[in-house]
Amino acid sequence: MAQAEESKAVEEYKTLWGARILWPPDMPDDMLEMAVKTSQEALQEFGRNEAEGTKISEKIKKTLEKEYSPYWHVTVGRNFGCHAVHEKQRFVYFYVDPFAFMIYKAQ
């Protein structure tokens, strides 16, 4: 019997600015650096408690919207899945410690 083989894309991560970033990111380098550094600052400010995820994501969202205009969406957590439609060159997924961050811009 022939068995169907499923080929899965192997995810590649690179470490930059202290974060493991899903590579290649769909975001310019300066914007990517700002997103990662703002995420790290939010973790330091609010602690590494999953219950503070709303405050962490709100800080990141407001910072990005101030710098790059609305509408940014930020998901922070340890275990989540998502399918989203985003603007071109406005998506990144990365890890800082045990937390995953999914940041994207949509209209």
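Trainee: Where is the place of Trp17 in the chain?

Mentor: In this predicted model, Trp17 sits in the loop between E1 and E2. Those two strands form a hairpin with two residues between them, and Trp17 belongs to that turn.

Trainee: What is phi of Trp17?

Mentor: Phi of Trp17 is near 55 degrees, which is a positive value in a residue other than glycine.

Trainee: Which other residue has a positive phi although it is not a glycine?

Mentor: Asp97 has one, with phi at about 55 degrees, and Asp97 is placed in the loop between E4 and E5.

Trainee: Let me step back, then. How many helices and strands are there in the chain?

Mentor: The chain has two helices and five strands, and along the sequence they follow the pattern β-β-α-α-β-β-β.

Trainee: In what order do the strands form the sheet?

Mentor: The five strands make an open sheet in the order E1-E2-E4-E5-E3, with antiparallel pairing. The edge strands, each pairing on one side only, are E1, residues 12–16, and E3, residues 72–77. From one strand to the next, the twist averages 25 degrees.

Trainee: What do the strands of a sheet pair through, in general?

Mentor: Strands pair through backbone hydrogen bonds, and the arrangement can be either parallel or antiparallel.

Trainee: Back to this one: over how many bridges do E1 and E2 pair?

Mentor: E1 and E2 pair over five bridges, in the antiparallel sense, and within that pairing Lys14 stands opposite Ile21 of E2. On to the next pair, E2 and E4 are antiparallel over two bridges, where Ile21 has Phe94 as its bridge partner in E4.

Trainee: And what about the pairing of E3 and E5?

Mentor: E3 pairs with E5, which covers residues 99–105, over six bridges and again in the antiparallel sense. One example is Val74, whose bridge partner in E5 is Ile103.

Trainee: Which strands does H1 lie across?

Mentor: H1, residues 29–46, lies across E1, E2, E3, E4 and E5, and runs at about 40 degrees to E4. The other helix, H2, spans residues 53–68 and packs on the sheet, where it touches E3 and E5, its direction making about 155 degrees with that of E3.

Trainee: Where is the place of Pro70?

Mentor: Pro70 is in the loop between H2 and E3, and Tyr71 has its place in the loop between H2 and E3 as well. Pro70 counts as partly exposed because its relative accessibility is 41%.

Trainee: What is Pro70 in contact with?

Mentor: Leaving aside neighbours within four places in sequence, Pro70 is in contact with Glu65 and Lys105. Pro70 and Ala106 are 36 residues apart in sequence, and their C-alpha atoms are 8.2 Å apart in space.

Trainee: Last topic: what volume does the largest pocket have?

Mentor: The largest pocket has a volume of about 210 Å³. Its lining is made of 13 residues, and those nearest its centre are Leu22, Cys82, Phe91, Tyr93 and Met102.

Trainee: Where does the largest share of that lining come from?

Mentor: The largest share of the lining, three residues, comes from E4. Sorted by class, the lining of the largest pocket has nine nonpolar, three polar and one charged residues.

Methods
Residues are numbered from 1 along each chain as its sequence is written. This is a predicted model: local features need pLDDT of at least 70, side-chain atom pairs count only at pLDDT 80 or more; totals for chains, interfaces and linings use all residues. Side-chain values use heavy atoms; hydrogens and water are left out. Two strands pair if DSSP finds at least two bridges between them. Helices (H or I, at least four residues) and strands (E, at least two) are DSSP runs, numbered from the N terminus. Axes are lines fitted to C-alpha atoms, for helices over the stretch in contact, and angles run from 0 to 180 degrees between N-to-C directions. Contact means heavy atoms within 4.5 Å. On a 1 Å grid over the protein atoms alone, a cavity is a set of points where a 1.4 Å probe fits but cannot get out, and a pocket is an open set with protein on both sides within 12 Å along at least five of seven lines; lining residues have an atom within 4 Å of a point. Grid points are joined across faces, edges and corners, and a volume is the space filled by probe spheres set on the points. Ala, Val, Leu, Ile, Met, Phe, Trp, Tyr, Cys and Pro count as nonpolar, Asp, Glu, Lys and Arg as charged, and the others, Gly among them, as polar. Buried means under 20% relative accessible area, exposed over 50%, partly exposed in between (1.4 Å probe, protein chains only).
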